[in-house]
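Please read it alongside the sequence and the coordinates.

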Amino acid sequence: MTCYNNPLFFLLLSLPFLPFTHPKLTTNYYHKSCPKFSEIIQSIANEKQHSRPSTAGATLRLFFLDCMVGGCDASILVTSNSFNIAERDADLSLSGDGFDMVARAKMSLEIECPGIASCADILATATRDLVVAVGGPSYEIRLGRKDSLQSKSTDAENQYPLATMTMSQLVTLFTSKGFSIQEMVALVGAHTIGYSHCKEFSNRLFNFSKDSESDPAYNRQYAAGLRKLCENYTEDPTMSAYNDVMTPWKFDNMYYRNLKSGLGLLATDSAMYGDQRTKPFVDMYANDQARFFKDFASVMEKLSVLHVKTGRKGEVRNRCDSFNQLGF
Ligand code: HEM
């Protein structure tokens with residue numbers, strides 16, 4: 001009997017993705033104080049995505065990592081100074097487009113309604129708008145997050161997933177943040193857009209084992225193409241590959257379909273199909289894009305309220321890259 005014939009499987013499926021809210025956040029938070037909040041962000045997100053198509057992937061990853069490390073509080077946007085190594089300088093390899101996206105929106109919002117819009121709300125909203133801009137589902141973003149008063153690279157230790165992690169380590173990490181295995185699989189569907197640097201998967205390409213130059217989990221032609229692409233990556237560390245080789249610019253369910261054909265880029269991507277705990281969900285999302293969109297939208301709503309700061313636990317920063325007063 002496959003798991004699809006088992007009624008318990010469907011019962012378990014219906015447990016996650018319950019509506020997720022936060023008592024202090026509201027959808028109309030800026031209604032009076034900054035009525036053009038949504039309009040301004042959406043227009044800058046569309047404009048920026050048009051001129052720099054890598055913006056959506058960069059911003060989505062920035063948002064995900066910000067939320068994983070101490071909550072969705074824009075702590076990832078703060079730059080280091082002589083007294084403090086900030087979260088963004090933990091070895092996260094973040095692309096500049098996400099930071100630039102938020103900085104542009106913040107600048108326009110400061111002109112329109114000074115001191116009102118938090119960087120954390122801007123990042124959450126811009127991420128949603130960019131997912132939609134590249135074809136993904138829309139979802140509600142509740143507003144009223146405050147920006148963190150602290151940002152330390154050491155806070156990032158063991159708080160975000162690495163391509164070298166085992167599935168058990170990933171499950172432990174996501175569970176510790178309140179996500180089920182199914183929610184983890186739905187979230188990682190974000191790898192339908194964006195890039196990864198060669199160093200993140202080069203161990204799968206060269207001298208993989210004594211029997212095989214590359215990881216046999218890769219489709220052979222795909223592995224040959226990646227080996228060519230990454231042959232000089234040590235001299236040029238910027239070399240990178242699309243996460244979704246088939247439809248790299250489109251938010252769709254191709255990520256899951258790729259996994260079934262040996263086209264998963266990172267070891268952790270391939271493991272999503274190789275591990276019995278995650279494979280049923282990969283199969284389901286590969287077969288049903290509407291279901292993936294529905295679940296991705298719900299889990300992004302849940303991610304977007306993870307450990308948010310409200311009231312005096314944070315501030316509305318004047319600039320997203322620094323605290324209003326010298327802080328750490
Ligand atoms: C299983 C857990 C995950 C692992 C191990 C993982 C790991 C990675 C790695 C190593 C990269 C490449 C970074 C680089 O080379 O610059 C990457 C890229 C990316 N990740 Fe993940 N990730 C995971 C889950 C997620 C989730 C849950 C999201 C969002 C909800 C996400 C969104 C992205 C995006 C959009 C990119 C492309 C970034 C860009 O184009 O600049 N990832 N991920």
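The text below covers where the annotated residues lie and what they touch.

The model is predicted: local features need pLDDT of at least 70, side-chain atom pairs count only at pLDDT 80 or more, and totals for chains, interfaces and linings use all residues. Residues are numbered from 1 along each chain as its sequence is written, and side-chain values use heavy atoms, with hydrogens and water left out.

**Annotated positions.** In an unreviewed entry, UniProt lists H191 under "binding site". The annotation "binding site" from UniProt (unreviewed entry) also covers T192, D244, T247 and D252. These four span 61 residues in sequence, yet no two of their C-alpha atoms are more than 9.8 Å apart, so they gather at one spot. UniProt positions are given in the numbering used here, feature names are shortened, and annotations may be inferred rather than shown by experiment.

**Location.** Helices (H or I, at least four residues) and strands (E, at least two) are DSSP runs, numbered from the N terminus.

| Residue | Loop between |
|---|---|
| H191 | α7 (181–188) and β1 (195–197) |
| T247 | β2 (240–242) and α9 (254–260) |
| D252 | β2 and α9 |

**Exposure and contacts.** Buried means under 20% relative accessible area, exposed over 50%, and partly exposed in between (1.4 Å probe, protein chains only). H191 counts as partly exposed because its relative accessibility is 23%, whereas D252, at 5%, counts as buried.

Contact means heavy atoms within 4.5 Å. Neighbours within four places in sequence aside, H191 is in contact with N243, D244, Y255, L266 and D269. With the same exclusion, T247 contacts T192, D252 and M254. Not counting residues up to four places away in sequence, D252 touches T192, D244, T247, Q289, F292 and F293.

The side chains of D252 and T192 are also joined by a polar contact of 2.9 Å. A polar contact is a pair of N or O atoms within 3.5 Å; within protein, one must be able to donate a hydrogen and the other to accept it, and residues adjacent in sequence count only if both atoms are side-chain atoms.
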